[in-house]
Amino acid sequence: MVLKKAKTAARHPLPFFVFMFRSRPVVLPRERKPHDRFSDITGERFPVAESLSQGNTALWAKIYPNIFKLKVFIRMKKTYHALALFSGGLDSIIATKVIQAQGLDVLGLHFVTPFFGKPQLVPGWEKNYGIPITSIDISREYIRLLKEWPLHHFGKVLNPCVDCKILMLEKARELMDVYGATFLISGEVVGQRPMSQRRDALNIIRKAAEAKEILLRPLSARLLEPTPMEESGLVDRDKLPQISGRGRKKQLELARKFKITDIPTPAGGCLLAEKESANRYWQILKHFPAPEPDDFFFANIGRQYWSGPHWLAIGRNRKDNEELERLARETDYLFDLVDFPGPSGVGRPVPGQEWNEETIRQAAALMASFSPRARQSHRGVAVRVQHRGEEQDVLVIPDRDLIGTWSIPDWDTAREEKREKEKEHQARLAEKKRLAAETYWEDFAEEGGEDGR
Ligand code: SF4
């Protein structure tokens, strides 16, 4: 139906604009989830949250999604030779440019989760580097991967690098049909990273993602076996680099050759590899049976406190307060000082763990303790608590010595818990393998063993 409309629209420009502006109601920030997708086919992200948070008007909020749709529509009509995993880092830029330089069309896929991805930078990258790029939201798949535990383990912190790469390649492989692409490229460099870019890890990733025949790693291509794309002559192997190791010298030389002046700073940007953020995420993985992407965005904001399974976020500044308010759900507890300026607090209950009066009172006291004026009043202050459409005022002393068991969890404890979980995971895997082997031999015996063939 939509396709038919679009085809008619392409023939008649005026109705086309009517189609654009009438096709989908604009969802205002409080009502929409930040990770609603525009397209179920591609998972391309609908970046309203960014456009609104940059202070744009309601009119812009109305127009922007339609421009975005038009862009996605046009892009989906075009085909590409290759899809590139495009993080925005120097390696991904150079890998894409190297293939573009051979006259091949490449579309960059920029994957977005609560832990990495900067879809708001995509228009700038497209302009600076001359690479068409689309943002793909893989939050849900990624959270499932974390919750179910990565098959190839976490890195030093909470970064499941090998499984992360596998997931991105799988997603890219699924999108090849949509964009008519015949191969994938990634900016991986042999020996650059200890976990996911060792030669054996590169092979594991390629095999597990079922991308053995379709994945080209241009930067290290001449150090790796030739791929079908090189053997068939689609890509000229002789023109591909042979980069290895951790340095960036050769990539910088290539950047100069491609006249790239806007050089991104090295690595970083993945919150799963940073202890402070990982500590926040660990609490969610520990307590929530089925966390949502919003939970992790919520964890990125302000000060984060836990008391057993009870979770409270307190804004550090106005931006935090607005973000917390935007992400608040009906089931959350919203805390605001009645008579003093101060931060906002939002308590998010773990399913099945409702808060009692004492927990609410302590959370209110903790939130109020971050208001200097409330503290200096040296008296009880009123905090308004909203929950499920109802509100009540609680009187509290804004003193951090009276906040019971609320505290900021530390990474050392989280790391120990992670180790224990890893052991449990390994034991489960070993048991699964043992059972699979047992079943295999039982079936083999039932079929008469080798004589039964
Ligand atoms: S650092 Fe983060 S984004 Fe990069 S591979 Fe590891 S988990 Fe994925």
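**Figure 1. Burial and secondary structure of the chain in the predicted model.** Of the 453 residues in the chain, 38% are buried. The secondary structure comprises 17 helices and 11 strands. Among contacts with a separation of 6 or more, 65% are made by residues 24 or more positions apart.

**Figure 2. The open sheet of six strands.** The strands follow the order β6-β7-β9-β8-β10-β11, and their pairing is antiparallel. Strands β6 (303-307) and β11 stand at the edges; each has a single partner strand, so one side of each lacks a neighbour in the sheet. On average, neighbouring strands of this sheet are turned by 25° against each other, direction ignored. Helix α15 (residues 357-368) packs on the sheet and touches β6, β7 (310-314), β8, β9, β10 and β11. The direction of α15 makes about 70° with that of β11.

**Figure 3. Pairing of strand β8 with β9 and β10.** Strand β8 (residues 333-337) pairs with strand β9 (residues 345-348) in the antiparallel sense, over three bridges. Within this pair, Tyr333 has Gly347 of β9 as its bridge partner. Strand β8 is also joined to strand β10 (residues 381-387), again antiparallel, by four bridges. Here Leu337 is partnered by Val383 in β10.

**Figure 4. The hairpin of β10 and β11.** Seven bridges connect β10 with strand β11 (residues 390-396), and the two strands pair in the antiparallel sense. Two residues lie between the strands of the hairpin, in which Arg388 adopts a positive phi near 50°. Most residues other than glycine have a negative phi.

**Figure 5. Buried and exposed faces of helix α9.** Leu202, Ile205 and Arg206 of α9 are buried. These residues lie on the same side of α9, because they cover an arc of only 95° around the axis. In an α-helix there are 3.6 residues a turn, so residues three or four places apart point the same way. The cover over the buried residues of α9 includes α8 (161-179) and β5. On the face turned away from the buried side, α9 carries the exposed residues Asp200 and Lys207. Just after the helix, Glu210 takes a positive phi of about 55°.

Figure 6. Glu210 lies in the loop between α9 (199-208) and β5 (215-216). Glu210 is partly exposed, with 13 other C-beta atoms within 10 Å. His378 counts as exposed because it has 10 C-beta neighbours inside 10 Å, and the exposed class takes in residues with 12 or fewer.

**Figure 7. The residues around the ligand.** The shell consists of Phe116, Asn159, Pro160, Cys161, Cys164, Lys165, Ser196, Cys270, Leu272 and Ala273. By class, seven of the shell residues are nonpolar, two are polar and one is charged. Lys165 is the charged member, while Asn159 and Ser196 are the polar ones.

Key
Residues numbered from 1 in each chain as written. Predicted model: local features only at pLDDT ≥ 70, side-chain atom pairs only at ≥ 80, totals over all residues. Near = placed C-beta within 6 Å. Pairing = 2+ DSSP bridges. Buried ≥ 20, exposed ≤ 12 C-beta atoms within 10 Å, placed from the backbone. Arc of directions from axis to C-beta. Contact = placed C-beta atoms within 7 Å. Axes fitted to C-alpha atoms, helices over the stretch in contact; angles between N-to-C directions.
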